[in-house]
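Hi,

Here is the structure you asked for. Please open it first, then read my notes below.

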Amino acid sequence: MAASEPRKIFLTGASSGIGLETARLLTQHGCEVWGTSRDILRLPQVPGFHPVRMDLTSFDSIREGFAEALREAGAFEALINNAGDGAFGPLETMPAEMVREQFQVLVDAPLELIRLALPKMRERDRGVILNVTSLAAQFPIPFMAPYSAAKSALSSFTQGLRVELSNTSIHVVELRPGDIQTLFHERTKQATAAASTEDQRRLKAAWDTQVRNMVAAPPPERVARAVLRVITVSNPPPVLVVGGFFQARVTPLGARLLPLRLLEWALRRYYRL
Ligand SMILES: NC(=O)c1ccc[n+]([C@@H]2O[C@H](COP(=O)([O-])OP(=O)(O)OC[C@H]3O[C@@H](n4cnc5c(N)ncnc54)[C@H](OP(=O)(O)O)[C@@H]3O)[C@@H](O)[C@H]2O)c1
């Protein structure tokens, strides 16, 4: 790439939260961003931003949207798999379709986009694949086990792919946010409530903890700045945890040092279960 040529980035979920702030920051720093939403009217209208309609529950939509963006861009310097949504509720009342959709949006869709982006990156022997997972990949959230499992799958996949591509100059990075103040929880799909009064109490306690954390969480700009760093440094770190001090610094240390029983006891206390 000529020094003056702008970096061309493909970013999913650019209409809101982390993706929206990332699109804004990257374009402010001279990148050209092809950003997706299911509804292009929700996407920002800023110089250097190219709207892409894409529904991650449909492989046809993924392939069509990416092919058109690639035709326009010629090649992408980075693919950022950011889009995602959540599903909350007891597994017994969560419809199988809701669980399946979590894996489609959070695992199958990013993998398909990587498949589509890789040939060009291999041809040029450069590029960055950045997968946004979650701290939930390491600390599964109660009543969001399918979401946590899907993020964990993407995390593991990211590590596997990094080793697989270690003979190339393509960087594969996992960005693992803790709680970040976005509309994510408001949009989280809710399964039918639990049957017993005690289970309903536990469900409410877990949800209230998440809402409380969200209110006190850092803004999405913090993640956007981390993304900017990843795509501009020559040798990005394999995994980045971004969030408040406790979640980003203390909890990963706890996961390494504490026995599982103690860790799960702490999690139960944390969620008041
Ligand atoms: N916020 C947090 O605390 C937090 C913590 C850890 C990880 N994360 C992860 O960070 C990523 C961004 O989340 P956020 O907090 O910024 O949430 P958000 O504000 O709700 O934004 C989600 C984005 O994903 C897109 N999206 C959702 N479902 C989609 C689908 N089926 N097809 C296409 N696009 C879809 C949305 O686009 P449209 O609705 O316009 O289509 C939107 O742009 C997600 O992967 C999330 O799991 C968030």
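**Ligand contacts**

A backbone N or O atom of G17 lies 3.5 Å from an oxygen atom of the ligand. Keep in mind that this is a predicted model.

The side chain of S16 places an N or O atom 2.5 Å from a ligand oxygen. At N82, a polar backbone atom is 2.7 Å from an oxygen atom of the ligand. The ligand has 890 Å² of accessible area on its own, and the protein covers 97% of it.

Which elements give two or more residues to the shell around the ligand? They are α1 (17–28), α4 (145–164) and α5 (184–187). In total, 32 residues surround the ligand. The closest are S15, S16, S37, Y147 and T182. By class, the shell has 13 nonpolar, 12 polar and 7 charged residues.

**The chain as a whole**

The protein chain has 9 helices and 9 strands. Its radius of gyration is 19 Å, close to the 19 Å from the globule rule for 273 residues, so the chain is as compact as a globular protein of that length. The C-alpha trace spans about 60 × 40 × 30 Å along its principal axes.

Of the 273 residues, 51% count as buried. The chain exposes about 13500 Å², with carbon and sulfur atoms supplying 54% of that area. Now the contacts with a separation of 6 or more: residues 24 or more positions apart account for 70% of them.

Best wishes

Notes. Residues are numbered from 1 along each chain as its sequence is written. This is a predicted model: local features need pLDDT of at least 70, side-chain atom pairs count only at pLDDT 80 or more; totals for chains, interfaces and linings use all residues. Side-chain values use heavy atoms; hydrogens and water are left out. A residue is near a molecule or strand if one of its heavy atoms lies within 4 Å of it. A polar contact is a pair of N or O atoms within 3.5 Å; within protein, one must be able to donate a hydrogen and the other to accept it, and residues adjacent in sequence count only if both atoms are side-chain atoms. Accessible areas come from the Shrake-Rupley method with a 1.4 Å probe; for residues, only the protein chains shown count as cover. Helices (H or I, at least four residues) and strands (E, at least two) are DSSP runs, numbered from the N terminus. Ala, Val, Leu, Ile, Met, Phe, Trp, Tyr, Cys and Pro count as nonpolar, Asp, Glu, Lys and Arg as charged, and the others, Gly among them, as polar. The radius of gyration is taken over C-alpha atoms; the globule rule is 2.2 Å times the number of residues to the power 0.38. Buried means under 20% relative accessible area, exposed over 50%, partly exposed in between (1.4 Å probe, protein chains only). Contact means heavy atoms within 4.5 Å.
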